Amino acid sequence: MTGGGDCSGLNAAIRAVVRAAERKGHKVVGVLSGWKGLLERSYRPLSLSDTSGLLSLGGTILGSSRVNPFKVPNGLKRCLENYRKARLNALVVVGGEGTLKIAAALSAKGLPIVVIPKTIDNDTFGTDATIGFDTAVQVAVDAIDRLHTTAESHDRVMIVEVMGRHAGWIAACAGIGGGADAVLVPEEVFDFAELLEIIKARTRRGRGYSIFVVSEDARIRLPGSKVLRTPVQHDEYGDVKLGGIGEVLAREIRKRTGSEVRVTVLGHIQRGGAPTAADRILATRLGVAAVDMVLKKEFGRMAVLRGTKIASIRLEDAAGITKRLDPALLRVARVFFG
Ligand code: F6P
């Protein structure tokens, strides 16, 4: 099953699970559209021939959704009953923060489950990297490279708004990889005066343009201590919906400097297309590890990357905790501000 928001590399993980399981003589059934598929008993068999071409294919052939059994009447109970009716031996779930919480709850109720961490946000606790993060960063870096030349031609301030929810991993890594003049992340309130100083200092050095990377949940302190943040909205599933901080920031910069400012919101482009080599390799390693864990009956755990090795962590030790941006990365990004 693939649950929650999709990302590049999910199909590579599906391929790895199917291949590893078939090699040991086991059969794999795909649950369609995340937890929705388990609630509605919607499945498809997955054979070796279904996996050809999957390594480099974005999205997920199983489909995904944000349907959350916690928010559906008798959701967990129905998942357990349907799982039993399907006569399966184990459930391998590729998911992020929300999926992990559901998996931990089902595991506590006796469902034999193994999780593979994925999310472009890279905010899953217990793993050094999640499937999809590297591709999202690469997309953002490519965009920043392209924005550099047009920013320079027009002497403009370019704001690049990236995803990441409440963690600044994508913003910080894209900022470092793309050579941003400032990076604004949810983990720290950025001083607006510092942004203005960066623009001025660059202009003094003959650089009439600047590139700022802004995380969708970034906070900016204006003079007089008002803090700018995107108004909280909710999606169809009651999840927090972010986006729009780039435009809010652009208005303030225009108002206070008279600079020409343009905003690029990368949005779901960060989640689509072919996975990078790093994501293909990570997804494949985690997929193979998940099957090993199933065969050893190491249930109630998530396969993770720790340093250069694949390890595992108990679901209850990782669920509900957001892995915030490593401040060391922000310190590196700061060396290149201005
Ligand atoms: O969690 C992944 C993510 O892409 C976040 O970075 C973003 O805030 C959210 O999902 C967008 O969700 P949706 O696809 O439901 O619009």
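Colleague: What makes the second largest pocket a pocket, and how much space lies in it?

Modeller: On a 1 Å grid over the protein atoms alone, a pocket is an open set of points where a 1.4 Å probe fits, with protein on both sides within 12 Å along at least five of seven lines, and lining residues have an atom within 4 Å of a point. About 620 Å³ lies in the second largest pocket, a volume being the space filled by probe spheres set on grid points that are joined across faces, edges and corners. Of its 26 lining residues, the closest to the centre are Lys27, Val28, Val29, Ala90 and Val92. This is a predicted model, in which local features need pLDDT of at least 70 and side-chain atom pairs count only at pLDDT 80 or more, while totals for chains, interfaces and linings use all residues. Residues are numbered from 1 along each chain as its sequence is written, and side-chain values use heavy atoms, with hydrogens and water left out.

Colleague: What classes of residue make up the lining of the second largest pocket?

Modeller: Ala, Val, Leu, Ile, Met, Phe, Trp, Tyr, Cys and Pro count as nonpolar, Asp, Glu, Lys and Arg as charged, and the others, Gly among them, as polar; this lining divides into 19 nonpolar, four polar and three charged residues.

Colleague: How do you know which pocket the ligand takes?

Modeller: A molecule sits in a pocket if more than half of its atoms lie within 2 Å of its grid points, and the space taken by the ligand is the largest pocket, which holds about 950 Å³. Of the 42 residues lining the largest pocket, the closest to its centre are Gly5, Arg66, Arg165, Asp239 and Val240. The lining divides into twelve nonpolar, 15 polar and 15 charged residues.
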